[in-house]
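Here is a friendly walk through one structure, written for someone who likes to know the cut-offs behind each term. Please keep the viewer open as you read.

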Amino acid sequence: MLRLPSLIFILLLTLLTPARAEPQPAKPPQKPIILVLGDSLSAGYGLDAQAGYVALLQQRLDREGYDYRVVNASVSGDTTSGGLARLPPALDRHRPAIVLIELGGNDGLRALPLKALHDNLLKLVDLSLAAQAKVLLLEIRIPPNYGAVYTEGFTRTFGQVAAERKVPLVPFFLMSLVGVPGAFQDDGIHPAAVSQPKMLDALWPSLKTLLK
């Protein structure tokens, strides 16, 4: 039989011995993020959620073994100034590896000043680069009824911004849809579901060069 002092010693030893911590399962590493900042063309206006080119981009990345997660921060009707208001919190929240900028169409349709378009696009690129993200800028074009001076200046602005900041520029990714029957929805502005794979094909080569 154990004596009382021995029992006290054992109890004290038990109380003072730290419990062995159970090993915690390691958290899986987070996938790098591709942030898409766009308007209705990227938001998939008029389409089912999985029919837009941004959703198809996630599917292609998965299929081809690129371990990225796509976050679609696009809003229908948005302008470059709207994108400027939304980008900083999106960068803070998602810390993307790549930012795809598809904005400007609504600036053009409203005939907003080209200098504002240039400055806003430049700020969008600069904010993304400052957040250590790679940038892919998409060229946008507008109908010729705005006059040659404005229309040509509008298109040229995207190339100027890309050249100033040395970021890749995707030529107008709706070009292959122009004049194709059924390529657009009834409004004649927004691409139909059948056109979304072609839009992805148009930007994929440029995006692929930025992927790990």
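## Ground rules

This is a predicted model, where local features need pLDDT of at least 70, side-chain atom pairs count only at pLDDT 80 or more, and totals for chains, interfaces and linings use all residues. Residues are numbered from 1 along each chain as its sequence is written, and side-chain values use heavy atoms, with hydrogens and water left out.

Helices (H or I, at least four residues) and strands (E, at least two) are DSSP runs, numbered from the N terminus.

## The sheet

Let's begin with the strands. Five of them form an open sheet with parallel pairing, in the order β2-β1-β3-β4-β5; two strands pair if DSSP finds at least two bridges between them. At the edges stand β2 (69-72) and β5 (169-170), each with a single partner strand, so one side of each is left without a neighbour in the sheet. Strands of a sheet pair through backbone hydrogen bonds, either parallel or antiparallel.

Strand β1 (33-38) is joined to β2 by four bridges and to β3 by five, and both pairings run parallel. Val36 stands opposite Asn72 in β2, while Leu37 stands opposite Ile101 in β3. Further along, two bridges join β4 (residues 134-138) to β5, again in parallel, and here Leu137 stands opposite Leu169.

How many residues of β1 are buried? Six of the six are, so this strand is largely enclosed by the rest of the structure; buried means under 20% relative accessible area, exposed over 50%, and partly exposed in between (1.4 Å probe, protein chains only). Ile33, Leu35 and Leu37 point one way from β1, and Ile34, Val36 and Gly38 point the other way.

## Helices on the sheet and on each other

Helix α4 lies across β1, β2 and β3 (98-102), running at about 170° to β1. Helix α7 (residues 148-165) also packs on the sheet, touching β4 and β5, and its direction makes about 165° with that of β4. Axes are lines fitted to C-alpha atoms, for helices over the stretch in contact, and angles run from 0 to 180 degrees between N-to-C directions. Contact means heavy atoms within 4.5 Å.

The axes of α4 (residues 80-94) and α6 (residues 114-130) come within 9 Å and cross at roughly 10°. The two are therefore roughly parallel to each other (angles under 35 degrees count as roughly parallel, over 145 as roughly antiparallel, 65 to 115 as roughly perpendicular and the rest as oblique). Among the contact residues are Leu84, Leu87 and Leu91 of α4, and Leu117, Leu121 and Leu124 of α6. By class, this contact has eight nonpolar, five polar and one charged residues. Here Ala, Val, Leu, Ile, Met, Phe, Trp, Tyr, Cys and Pro count as nonpolar, Asp, Glu, Lys and Arg as charged, and the others, Gly among them, as polar.

## Salt bridges

Side chains of opposite charge can pair when their charged atoms come close. A salt bridge is a side-chain nitrogen of Lys or Arg within 4 Å of a carboxyl oxygen of Asp or Glu, and the count comes to six. One of them joins Asp67 and Lys31 (3.5 Å, N to O). Asp67 lies in the loop between α3 (53-63) and β2, and Lys31 in the loop between α1 (4-16) and β1, so the pair ties together parts that are 36 residues apart in sequence.

Asp126 forms a salt bridge with Arg165, the closest N and O atoms being 2.6 Å apart. Asp126 belongs to α6 and Arg165 to α7, so this pair ties together parts that are 39 residues apart in sequence. Arg86 and Asp78 form another salt bridge, with closest N and O atoms 2.6 Å apart. Arg86 is partly exposed at 24%, whereas Asp78 counts as buried at 10% relative accessibility.

## Two positive phi angles

Most residues other than glycine have a negative phi, and most peptide bonds are trans. Arg95, in the loop between α4 and β3, has a positive phi near 45° and counts as exposed at 66% relative accessibility. Lys166, in the loop between α7 and β5, has a positive phi of about 55° and is exposed, with a relative accessible area of 75%.
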